[in-house]
Amino acid sequence: MLLVAMAVWLAIDKQADILEYVAYAWAGLGATFGPVMLLSLYWPLMNRVGAVAGMLAGDYGCGLAADGRWLV
């Protein structure tokens, strides 16, 4: 239901930049899962706690960067 509401809002809003939203989504996906995947392949000491911490840090960092606080 939430996705339908977002789709309707994007269709009605003339100022919505869909490419920007898609770029934020891919950035969040890459920041959350990219380091965890690389470290789990090449670092033998990677464990579950480190993976969860890395995912949370990547997601939080991407949210801060998307908000613009780090870009100023």
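**Exercise 1. Find what share of the 72 residues is buried, and describe the overall form.**

Step 1. Buried residues make up 14% of the 72 residues in the protein. Buried means under 20% relative accessible area, exposed means over 50%, and partly exposed lies in between (1.4 Å probe, protein chains only).

Step 2. Note the source. This is a predicted model: local features need pLDDT of at least 70, side-chain atom pairs count only at pLDDT 80 or more, and totals for chains, interfaces and linings use all residues. Residues are numbered from 1 along each chain as its sequence is written, and side-chain values use heavy atoms, with hydrogens and water left out.

Step 3. Take the radius of gyration. The protein has 16 Å, whereas a compact globule of 72 residues would have one near 11 Å. The radius is taken over C-alpha atoms, and the globule rule is 2.2 Å times the number of residues to the power 0.38.

Step 4. Along the principal axes, the C-alpha atoms fill roughly 50 × 35 × 15 Å.

**Exercise 2. Sort residues of α2 by burial.**

Step 1. Gly-28, Thr-32 and Val-36 are buried. An α-helix has 3.6 residues a turn, so residues three or four places apart point the same way.

Step 2. Thr-32 has 10% relative accessibility, so Thr-32 counts as buried. Phe-33 has a relative accessible area of 38%, so Phe-33 is partly exposed. Ala-23, also in α2, is partly exposed at 43%.

**Exercise 3. Which residues have C-alpha atoms separated by 9.7 Å, and which by 9.2 Å?**

Step 1. Start with Thr-32 in α2. Its C-alpha atom is 9.7 Å from that of Ala-51, 19 residues apart along the chain.

Step 2. Move to Tyr-60 in helix α3 (residues 48-67). At 57% relative accessibility, Tyr-60 is exposed. The C-alpha atoms of Tyr-60 and Ala-31 are separated by 9.2 Å, and the two residues are 29 apart along the chain.

Step 3. Finish with Ala-23 and Ala-66. They are 43 residues apart in sequence and 9.9 Å apart in space, C-alpha to C-alpha.

Terms used: Helices (H or I, at least four residues) and strands (E, at least two) are DSSP runs, numbered from the N terminus.
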